[in-house]
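This report covers selected features of the structure shown below.

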Protein chains: 2
Amino acid sequence: MSESLSPDLLRRMHAAWRAANYLSVGQIYLQENPLLDVPLTLAHVKPRLLGHWGTTPGLNLLYVHLNRLIAAHDLNLMLVVGPGHGGPGIVASTYLEGSYTEHYPAIERNRSGLRRLFRQFSWPGGIPSHVAPETPGSIHEGGELGYSLAHAYGAAFDNPDLVVACVIGDGEAETGPLAASWQSNQFLNPAHDGAVLPILHLNGYKIANPSLLARIGRPELFELLHGHGYEPHFVEGDDPALVHQCLAGTLDKALDHIRCIQRDARTPDQPAHPARPRWPMIVLRTPKGWTGPKVVDGLPVEGTWRAHQVPIANVRAPGHLQLLDDWLQSYDPRTLFDADGRLHEELAALAPTGPRRMGSNPHTNGGQLLQALSLPPFRDHAVAVPTPGGVQAEATRVLGTWLRDVVARNLDQRNFRLFGPDETASNRLDAVFEATGKAWMAEVLPTDTHLSADGRVMEVLSEHLCEGWLEGYLLTGRHGLFSCYEAFLPIVGSMVSQHAKWLQVSRQIPWRAPLASLNLLLTSHVWRQDHNGLSHQDPGFIDQLANKRADVVRIYLPPDANCLLCVVDHCLRSRHTINAIVAGKQPEWQWLDMDAAVRHCSAGAGVWDWAGQGDDSDTGDEEPDVVMACAGDVPTLETLAAVLLLRQEVPDLRIRVVNVVDLMVLQAPSQHPHGLPDRDFDDLFTTDRPVVFAFHGYPAMVHKLTYRRRNHGNFHVRGFQESGSTTTPFDMVVRNHLDRYQLALDVVRHVPRLAGQLAQATARYGARVERHQQHIAEHGEDLPEIRDWHWERRT
Amino acid sequence: MSESLSPDLLRRMHAAWRAANYLSVGQIYLQENPLLDVPLTLAHVKPRLLGHWGTTPGLNLLYVHLNRLIAAHDLNLMLVVGPGHGGPGIVASTYLEGSYTEHYPAIERNRSGLRRLFRQFSWPGGIPSHVAPETPGSIHEGGELGYSLAHAYGAAFDNPDLVVACVIGDGEAETGPLAASWQSNQFLNPAHDGAVLPILHLNGYKIANPSLLARIGRPELFELLHGHGYEPHFVEGDDPALVHQCLAGTLDKALDHIRCIQRDARTPDQPAHPARPRWPMIVLRTPKGWTGPKVVDGLPVEGTWRAHQVPIANVRAPGHLQLLDDWLQSYDPRTLFDADGRLHEELAALAPTGPRRMGSNPHTNGGQLLQALSLPPFRDHAVAVPTPGGVQAEATRVLGTWLRDVVARNLDQRNFRLFGPDETASNRLDAVFEATGKAWMAEVLPTDTHLSADGRVMEVLSEHLCEGWLEGYLLTGRHGLFSCYEAFLPIVGSMVSQHAKWLQVSRQIPWRAPLASLNLLLTSHVWRQDHNGLSHQDPGFIDQLANKRADVVRIYLPPDANCLLCVVDHCLRSRHTINAIVAGKQPEWQWLDMDAAVRHCSAGAGVWDWAGQGDDSDTGDEEPDVVMACAGDVPTLETLAAVLLLRQEVPDLRIRVVNVVDLMVLQAPSQHPHGLPDRDFDDLFTTDRPVVFAFHGYPAMVHKLTYRRRNHGNFHVRGFQESGSTTTPFDMVVRNHLDRYQLALDVVRHVPRLAGQLAQATARYGARVERHQQHIAEHGEDLPEIRDWHWERRT
């Protein structure tokens with residue numbers, strides 16, 4: 001390895017590293033005496049020692065070296081920190097470069113600022129111990145491990161000038177989502193995307209164990225990473241001077257390599273499908289807790305898992321305060337900071353300036369860069385619905401034609417992508433392929449269709465990657481939509497939950513600008529899994545989502561294609577929320593023309609006067625006997641079919657039909673911003689009439705949302721009861737007691753004046769269901785009266 | 001490649017493959033005329049064509065070849081089918097070997113049995129389209145992709161004579177959990193575990209796209225798999241004769257290699273830490289939908305994604321019935337089956353017999369092999385609690401000592417393992433390391449502790465692997481416990497949900513014997529994430545679980561160490577359920593001595609007379625003014641502290657304290673088998689008094705569980721409100737309004753006769769909280785009155 005750094009530069013960079021390490025240890029330990037102006041005493045040490053040292057010196061080392069690279073090449077480079085528990089390091093480094101103080105002026109670049117910097121860390125009301133939304137330059141918390149590399153790729157897509165350095169801890173590298181993320185290089189186009197520089201930091205240990213990749217030997221590790229399509233460069237050692245030289249030289253080489261790939265790809269006359277490049281990556285093997293205490297209480301600490309959190313955990317133990325003092329003094333703070341606590345100029349000058357600083361890179365505060373999408377008028381894609389129930393359509397197929405136009409309109413802006421686990425066509429959104437292809441950099445065969453190095457559709461059979469890429473894309477100021485089989489979004493339930501937390505916290509941070517919302521289309525849903533079975537039947541994702549903070553969560557259940565168009569248009573305009581949209585892909589009856597759909601979706605829920613009978617909500621003269629409520633396309637169908645049955649059987653029954661599009665209107669306004677005022681809720685659902693509610697998902701959700709409502713005790717909810725298999729559509733609703741006969745029977749059961757008819761209705765119900773099930777068992781399909789069912793207007 | 005198969009054997013094996021393919025196509029298409037005795041007409045074709053052909057011929061090929069291997073070597077081999085949507089193939093193959101008919105006698109091995117076999121597939125009331133619990137020889141549905149290889153390793157652990165062949169689809173290989181599963185070979189000990197033979201089936205396509213691993217070229221794929229520590233063997237082609245020879249020879253070679261590894265490892269005088277072997281694996285590259293129609297409607301089908309589901313989807317289209325007929329006839333069924341529809345003897349004789357058949361391998365019906373654990377008396381580990389709140393203990397640390405003894409007692413049985421993502425010690429279960437080590441086959445350094453090739457503790461930083469291994473271990477008839485940070489179990493929420501579905505369905509299948517329960521210990525919980533922040537604070541896993549079928553779901557919240565011991569003992573004895581146990585690891589006050597704990601846990605919920613005041617539930621003379629209910633260790637602490645406050649402030653208030661251990665007692669008995677009868681519930685919670693409920697998780701859960709109860713309208717629940725950070729324990733409960741002052745205030749608010757005190761109490765509450773928060777902000781820790789709080793008995 002040649003000498004990349006001059007002796008003076010090496011000296012200064014090493015000092016800058018020491019400064020960051022000193023500030024990291026200070027944050028973990030000190031509440032006073034930040035510059036060790038007076039001899040260290042227990043009173044200077046925080047009462048609770050919280051944080052993670054082990055990964056921190058490695059992060060600090062990389063920060064110093066990336067700073068050199070950025071400054072030397074005027075690079076547009078951002079950093080994703082997988083080991084986010086190394087928060088003290090990133091806070092220290094952004095403080096040293098000045099970004100931190102610009103974001104938080106109270107944390108001045110002097111002695112008193114240092115004291116505040118130290119005290120606030122892991123301090124109640126201060127800052128969290130992890131890299132977090134509060135941390136300048138971050139788009140990634142790293143608390144739940146596995147998503148750093150997917151976030152990094154998401155950030156790099158469509159940012160041709162950006163380099164995203166991504167530190168991956170060797171613990172994180174054991175997780176499934178991270179293991180899948182390596183293959184993201186198959187989707188990165190060197191011509192119009194930025195570069196990702198993965199840095200696998202092998203510090204050898206997790207919380208309590210060695211890490212696997214640190215123990216398989218270098219040849220096997222090389223093969224693994226090379227087999228993933230990367231060119232791995234190894235930087236290994238525990239002698240700082242040697243590691244500095246090696247790391248600097250390797251970073252230079254990697255950047256040269258990246259620029260070479262990009263130059264080649266960006267020359268004119270590229271082939272239609274360019275070859276996939278082999279991008280560089282770095283394996284950095286340095287000791288865990290490097291420069292920390294070597295031995296505590298006779299046990300090795302530096303270079304072992306014992307350095308993971310707080311290496312000297314009990315400072316009150318004999319000799320330990322001295323150990324801490326020695327450790328702090330080993331960085332020689334007097335040579336780093338002047339008497340006012342300001343970093344010496346020759347060290348400060350190493351960092352880049354302005355927006356080139358990693359703590360100030362504008363891509364890491366993506367809302368600031370966000371450009372609204374140009375959205376085509378969705379009314380142009382309306383299904384003509386001359387009369388409710390007069391025409392059929394496949395909701396997602398209709399949406400696909402609008403999304404095609406969204407893609408086309410924003411091709412030049414390069415700020416919109418669709419994501420899906422190999423299901424865009426299966427989910428009937430394939431009209432988008434008229435406007436764009438599927439991103440693909442691997443080999444292409446003549447029989448392939450729609451594969452394109454320039455595709456705006458991202459397909460890979462990994463929900464984790466789809467979600468992680470999209471999050472990274474949104475966090476850096478772009479837009480997207482993830483369509484997925486409903487049953488498989490729970491695979492990324494915890495990722496979405498972490499994103500919700502990010503949105504929740506960043507909403508409170510003045511300098512973080514709002515992001516485009518995370519839009520999730522849940523289709524191929526529980527009620528129509530004709531080709532598959534119980535494993536594909538799970539509407540529980542929305543339950544997970546509903547637990548998150550109300551200010552970031554929205555759930556929509558459009559009953560037909562026009563409502564779906566209206567909802568998705570709204571979602572693509574919305575900011576800083578998570579929108580779950582549940583919609584089927586099968587041919588279903590359509591209920592609302594576009595004007596009615598817009599009114600209905602704007603209200604979130606409403607009475608369908610044309611569907612009820614003997615009830616006119618406008619005049620309000622008389623309360624109905626029963627409210628039949630529905631949310632979701634299949635429940636809406638069954639509800640309307642039940643209305644027809646009841647119209648024949650109990651002609652004088654006053655039925656009100658209420659359809660709910662925006663599920664959160666059900667919650668009390670004190671719980672959710674979309675919650676209907678109690679008076680409006682009572683106007684819809686009455687205060688004392690039975691409500692037979694046909695719900696798309698698990699019934700308990702409706703009870704949970706409405707338990708504060710006055711009429712809640714009269715809500716009778718039907719929904720999915722975890723009963724399914726490969727069977728017919730009607731058998732699915734029968735198995736889960738969501739079918740029209742059951743709903744009609746529920747009405748009879750709960751309307752007091754029909755009590756006398758209950759026995760007869762129950763018998764009739766039993767006979768009907770038996771007839772259906774016999775037919776289904778014999779013929780393998782639903783009775784013609786189900787398949788040919790259609791809504792009949794009152795005559 | 002030398003000729004492994006004689007011409008006659010090759011001919012017969014090829015015929016056996018054709019037979020399986022024929023039966024697969026028949027299942028997808030035919031409802032009548034199973035042997036094509038009469039010319040094919042539309043009436044013979046099912047009305048709904050549902051299923052997946054693409055992966056099926058590859059599965060059938062492997063089945064025939066594994067049969068040869070088993071028969072030739074009298075192998076104990078089971079098969080895990082990752083592409084579980086290839087259900088028709090596995091059903092066909094188990095039918096041909098005779099297993100299917102033994103499990104389902106109505107599906108006879110003759111013409112009428114064939115007709116039933118065909119009709120039942122994807123037929124309502126028949127069998128699902130996927131490999132499923134209904135499928136003999138299966139432990140894996142494969143509906144949600146990603147878990148096949150982890151299941152295979154779980155099955156192989158502690159089964160030294162077993163070979164687990166695991167087919168991994170190239171689509172599945174893109175998922176995160178599968179990508180992480182390759183590293184399972186670092187945990188497989190050739191001396192006492194069985195072998196896993198991964199077979200990566202590259203058929204090139206997913207639903208609508210090429211698969212990545214099929215398009216990165218053989219050298220890169222070889223490197224990747226070799227880098228994962230395997231020795232990959234490639235079998236590639238589309239000429240059946242050549243592929244048969246190559247696959248047979250490769251399987252022979254792989255088995256030789258496995259036996260060689262095992263022989264070496266099982267000779268005496270092994271080193272303490274033997275070298276990790278390089279296990280063989282196979283890459284099988286054959287066309288998707290092989291032997292199916294080559295072209296339909298002018299578009300290539302065989303060898304493309306178009307073969308994924310039903311290659312000829314509309315049999316009514318012109319010429320398509322003929323295409324189907326040609327396809328079926330191409331297998332020449334008359335040469336395969338006799339006039340009665342029975343497989344020709346020379347083909348039937350190829351399969352192994354009895355329990356050697358993959359459809360009858362006893363490991364795949366693990367409940368049959370299940371041996372109860374020998375459980376040491378947990379009372380020996382009881383914390384002495386002379387008086388409630390008189391002593392502190394760390395619940396999980398106490399549990400650890402009992403688990404140590406469980407491990408020790410069952411070492412010889414080799415049927416119990418502990419699983420955890422690098423957190424066993426962090427979760428304070430480290431006493432187990434006195435009895436065993438952590439499984440580890442990679443390199444060991446002198447500084448390492450507790451690593452052992454023979455360890456019963458499985459640690460890897462992947463919740464997916466922990467869960468997948470444990471599921472595989474349980475499904476093959478063993479026992480285990482997975483301990484995890486509470487916030488990170490949602491990472492595998494969807495996996496647990498799929499396991500719940502497996503349990504639910506298999507409970508209805510007479511020949512499936514009950515399994516040991518899936519035991520999940522959720523610790524390091526939301527209320528005590530002192531070192532981390534909001535990302536580590538999520539109690540939502542139990543919400544996901546509660547949506548599953550009541551007969552398989554249990555949730556326990558033991559309030560102290562003795563209750564935890566009692567609950568875990570119960571869970572390790574239970575069968576065929578999923579038990580979530582939430583318990584903290586921090587030092588907390590202990591409430592119940594062991595006798596009381598056993599009584600309390602047996603009841604599931606109960607009145608704590610010693611904690612209430614002016615209320616004696618036994619005499620029942622007088623109802624209390626208020627019920628203060630609690631579930632979870634921290635909510636219990638805050639509730640009791642609130643009782644002390646109220647005792648001072650409202651001395652004549654009649655307070656009943658109810659603690660809930662088994663959360664499902666709250667549900668109506670019609671909804672859950674543990675649900676308390678309404679009368680018992682009303683006895684505990686009254687029918688009309690306010691219930692101030694302090695809950696560990698999201699408050700809506702309690703509303704959801706109790707909404708059918710008479711007194712539900714009076715339940716006022718406090719719990720986690722998604723408010724958190726790195727802060728003090730008391731600040732956490734204050735932020736979420738679960739603190740003692742808030743609970744006491746809630747009591748004042750909801751007890752009518754205290755209405756006059758509300759304004760004063762609210763002011764007092766505000767002042768108290770402010771004093772706490774000031775102290776916390778200033779000193780970084782809770783007030784001494786919180787840290788030193790202890791329960792005071794009534795005097």
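## Nonpolar cores

Which residues of the largest nonpolar core touch the most other members? In this predicted model, they are Phe685(A), Phe693(A), Phe685(B) and Phe693(B), in a core of 281 residues. A separate, second core holds 89 residues, among them Val505(A), Val598(B), Leu653(B) and Phe730(B).

Neighbours within four places in sequence aside, Phe693(A) has contacts that include Phe685(A), Val660(A), Leu666(A) and Val702(A). Ala629(A), Cys630(A) and Ala631(A) are also in contact with Phe693(A), as are Phe715(A), His716(A), Val717(A) and Arg718(A).

## A sheet in chain A

An open sheet of 5 strands in chain A runs in the order 18-20-19-21-22, with mixed pairing. Its edges are strand 18 (605-607) and strand 22 (715-718), each of which pairs on one side only. From one strand to the next, the twist averages 20 degrees.

Strand 18 of chain A pairs with strand 20 (residues 655-660) of chain A in the antiparallel sense, over 3 bridges. Here Val607(A) stands opposite Val658(A) of strand 20. Helix 18 (residues 633-649) of chain A packs on the sheet and touches strand 19 (626-631), strand 20 and strand 21 (691-695). The direction of helix 18 makes about 155 degrees with that of strand 19 of chain A.

## Helix 2 of chain B

Helix 2 of chain B covers residues 56-73, which is 18 residues. From first C-alpha to last, this helix reaches 26 Å, close to the 26 Å expected at 1.5 Å a residue. Helix 2 of chain B is mostly covered, with 15 of its 18 residues buried. Just after the helix, Asp74(B) takes a positive phi of about 45 degrees.

Technical notes
Residues numbered from 1 in each chain as written. Chains lettered and ligands numbered in written order. Predicted model: local features only at pLDDT ≥ 70, side-chain atom pairs only at ≥ 80, totals over all residues. Heavy atoms only, no water. Core = buried A, V, L, I, M, F, W, Y, C linked by side-chain atoms within 4.5 Å. Buried < 20%, exposed > 50% of the residue type's maximum accessible area, 1.4 Å probe, protein only. Contact = heavy atoms within 4.5 Å. Helix = DSSP H or I, 4+ residues; strand = E, 2+ residues; numbered from the N terminus. Expected span 1.5 Å × (residues − 1). Pairing = 2+ DSSP bridges. Axes fitted to C-alpha atoms, helices over the stretch in contact; angles between N-to-C directions.
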